[in-house]
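Me: I would like to learn how to read helices and aromatic contacts in a model. Can we go through one case step by step?

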Amino acid sequence: MAAPIKVAAISGSLRKSSFNSGLIRSAIELSKSSIHGIEIEFIDISNLPIINTDLENQAGVAYPSLVQSFRHKILEADSVLFASPEYNYSIAAPLKNAIDWASRAPNVWAGKTAAIVSAGGGFGGGRSQYHLRQVGVFLDLHFINKPEFFLNAFQPPAKFNSDGDLIDEEAKIRLKEVLLSLQGLTLSLQDKS
């Protein structure tokens, strides 16, 4: 039996009851209960320092230890699941900071498959996804094209509970479809290499 693909899951929201982090938690739950051959690890970005190249190459170490640990987790993953909230029509600052740290030489994003999910008001975080896809072109990420996952978290019926956990069954089905697409693209690209 082939080894499961490893997915690094990153939420761009640092809020404790974040709906976007709730999507990651639900993805992890789905990977354990109903999708075989995929392992998802939540990667916490809340303690990463703000990117500052003066922090590089200090005391003979290329990057601060928290940054190096984060970069290693991305490097070891086969693919990435981004939960990208929309702030002012774009990517949230914590997520962009993490992206920038992992893009420093050598770029540890390069060649990985990726998917994006978002929850929010209005367009459900969609504008942030389009900006993230643009950034991903430079990073050499390979995003799934379909299905797209935008969730208007404030439109009835309730999508999340008070702890930020996804409770909407239809959204869970759609999230599972994203994960299966990510798994399929990852396996396809691994077969070609």
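This is a predicted model: local features need pLDDT of at least 70, side-chain atom pairs count only at pLDDT 80 or more; totals for chains, interfaces and linings use all residues.

Me: Which residues of α4 are buried?

Reply: Buried here means under 20% relative accessible area. In α4 that applies to G126, S128, Q129, L132, R133, G136 and L139. These residues cover an arc of only 140° around the axis, so they lie on the same side of α4.

Me: Which exposed residues does the face turned away from the buried side carry?

Reply: That face of α4 carries Q134, V137 and F138, which are exposed. Just after the helix, D140 takes a positive phi of about 70°.

Me: Now the rings. How many aromatic pairs does the structure hold?

Reply: The structure holds nine aromatic pairs. In one of them, the ring centres of F19 and F160 are 4.3 Å apart and the planes are at 10°, so this pair is stacked. Planes under 30 degrees apart count as stacked.

Me: Where in the chain do F19 and F160 lie?

Reply: F19 lies in helix α1 (residues 19-33), while F160 is in the loop between β8 (149-152) and α5 (169-192). The pair therefore ties together parts that are 141 residues apart in sequence. F19 is buried, with a relative accessible area of 19%. F160 is also buried, at 9%.

Me: What about the rings of Y130 and F150: stacked or edge-to-face?

Reply: Planes over 60 degrees apart count as edge-to-face. The rings of Y130 and F150 have their planes at 70° and their centres 6.1 Å apart, so the pair is edge-to-face. It links helix α4, which holds Y130, with strand β8, which holds F150, and the two residues are 20 apart. Y130 is partly exposed, with a relative accessible area of 36%, whereas F150 is buried at 17%.

Me: Which residues do ring pairs link into a cluster?

Reply: The cluster consists of F70, F82, W109 and F143.

Me: Last, charges over rings. Which ring does the charged end of R127 sit over?

Reply: The charged end of R127 sits over the ring of Y89, 4.1 Å from the ring centre. R174 is placed over the face of F149, at 4.5 Å from the ring centre.

Definitions and conventions. Residues are numbered from 1 along each chain as its sequence is written. Side-chain values use heavy atoms; hydrogens and water are left out. Buried means under 20% relative accessible area, exposed over 50%, partly exposed in between (1.4 Å probe, protein chains only). Helices (H or I, at least four residues) and strands (E, at least two) are DSSP runs, numbered from the N terminus. The arc is that of the directions from the helix axis to the C-beta atoms. Rings of Phe, Tyr and Trp (its six-membered ring) pair if their centres lie within 6.5 Å; planes under 30 degrees apart count as stacked, over 60 as edge-to-face and the rest as tilted. A charge sits over a ring if NZ of Lys or CZ of Arg is within 6 Å of the ring centre and within 35 degrees of the ring normal.
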